[in-house]
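Here is a friendly walk through a structure, for someone who likes to see the cut-offs. Have a look at the model, and then read on.

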Amino acid sequence: MDRITLRRPDDWHLHLRDGEMLKAVLPETARHFARAIIMPNLVPPVVTGAQAASYRDRILAALPEGMSFEPLMTLYLTEDTDPADVAAAHASGLVKAVKLYPAGATTNSHSGVRDFDKVRPVFETMAEIGLPLCTHGEVTAHEVDIFDREAVFIETVLDPIRRATPGLKVVMEHITTSDAVDYVAANETNLGATITTHHLMINRNHILVGGIKPHYYCLPVAKRASHQLALRKAATSGDARYFLGTDSAPHTDPNKEQACGCAGCFTATNTMALLAHVFEEENALDRLEGFTSLHGPAFYGLPVNEGTLTLAKGAARSLAGKLATGEGPVTQFDPGHPIEWDVVG
Ligand code: DOR
Ligand code: ZN
């Protein structure tokens with residue numbers, strides 16, 4: 001197969017930022033994707049329905065003429081989140097999920113949750129109204145090794161939350177371990193998981209062997225190769241509980257390439273070409289559409305997109321490149337080898 005046409009894809013986990021960065025990165029997503037779940041970790045975070053409505057307006061105002069794109073807004077869960085505000089934002093159709101960041105887990109997460117019991121009333125309301133919880137699944141205790149933080153989160157935070165509120169729909173976001181895949185396999189109902197493009201393409205050796213590669217550093221950090229293989233198997237399995245969430249997260253080069261560099265891989269531009277490469281390697285090109293375009297809408301109870309996207313195989317090319325933004329250059333994710341697939345229509 002050297003050509004494939006899919007229903008237009010969606011991105012179920014995306015960082016668009018704000019201001020100049022938003023203006024530069026939004027077209028990179030809107031060119032290929034019809035919709036995306038928009039992460040709320042701005043400074044200050046998008047906590048209330050009113051803040052989400054105003055962020056949505058800024059996103060739509062930044063969309064170039066002639067492009068169409070629907071931002072699916074989320075609320076950033078804090079210990080002060082008001083269940084009634086969440087319910088109203090959901091009832092109006094504005095908000096499609098609530099995002100749980102354990103405090104301190106990642107970029108702009110200090111307003112996140114420390115005491116999970118404090119947000120139990122919000123979880124109860126979400127379960128009642130069918131609003132999904134998106135989780136950044138890492139514990140933050142300093143004594144827990146960074147490579148174990150996802151597995152410990154599943155056991156000590158996620159599973160207790162799901163047991164206490166069985167009706168709550170949860171998306172385990174950007175999973176990075178076979179532990180997460182095993183948990184999805186063992187839990188049939190009200191559970192989905194997103195997988196990023198970069199976690200399908202790199203493992204921790206890519207970050208650390210032969211010199212440190214800041215543009216491969218993200219959170220949760222890529223784990224050992226056996227975990228990467230488990231993710232590739234899950235993404236290409238056809239199991240409808242797995243869907244694409246790129247976690248495309250732009251930071252300028254000066255913010256990545258320094259003594260304490262920011263976490264995030266900017267994958268929006270090349271994600272569809274890279275996924276075609278991965279799915280072909282796994283002999284699963286026929287399952288790409290499910291992962292990018294069908295499973296996510298089914299989980300969120302939304303219609304699939306009407307349009308299509310066509311990918312074709314051509315001359316191998318390097319994906320190394322930078323996006324110019326008003327804040328500075330942003331390096332695009334480059335797997336380090338040529339890619340033959342490209343979006344052609
Ligand atoms: O690598 C990451 N970057 N992981 C996150 O959870 C946040 C994101 C960001 O906002 O830069
Ligand atoms: Zn993210």
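## Where ligand 1 sits

Ligand 1 sits in the largest cavity. A cavity here is a set of points on a 1 Å grid over the protein atoms alone where a 1.4 Å probe fits but cannot get out, and a molecule sits in one if more than half of its atoms lie within 2 Å of its grid points.

This is a predicted model, in which local features need pLDDT of at least 70 and side-chain atom pairs count only at pLDDT 80 or more, while totals for chains, interfaces and linings use all residues; side-chain values use heavy atoms, with hydrogens and water left out. Residues are numbered from 1 along each chain as its sequence is written, with chains lettered from A and ligands numbered from 1 in the order in which they are written.

Which residues come nearest to ligand 1? They are R17, N41, L219, H251 and A263, out of 13 residues around the ligand (a residue is near if one of its heavy atoms lies within 4 Å). By class, the shell has 4 nonpolar, 7 polar and 2 charged residues; Ala, Val, Leu, Ile, Met, Phe, Trp, Tyr, Cys and Pro count as nonpolar, Asp, Glu, Lys and Arg as charged, and the others, Gly among them, as polar.

Some polar contacts (pairs of N or O atoms within 3.5 Å) are worth a look. The side chain of N41 places an N or O atom 2.8 Å from an oxygen atom of ligand 1, and a polar backbone atom of L219 is 2.8 Å from a nitrogen atom of the ligand. From G264, a backbone N or O atom lies 3.3 Å from a ligand oxygen atom. The protein covers 100% of the 290 Å² of accessible area that ligand 1 has on its own (Shrake-Rupley method, 1.4 Å probe).

H15 lies in the loop between β2 (10-14) and α1 (19-30), and D247 in the loop between β9 (242-244) and α10 (253-256), so the pair ties together parts that are 232 residues apart in sequence. Helices (H or I, at least four residues) and strands (E, at least two) are DSSP runs, numbered from the N terminus.

## Backbone details

Most peptide bonds are trans. A cis bond joins L219 and P220, with omega about -5 degrees.

How values were computed: Polar contact = N/O pair within 3.5 Å; in protein donor to acceptor, adjacent residues only side chain to side chain. 1 Å grid on protein atoms, 1.4 Å probe; cavity = no way out; pocket = protein on both sides within 12 Å on 5 of 7 lines; lining within 4 Å.
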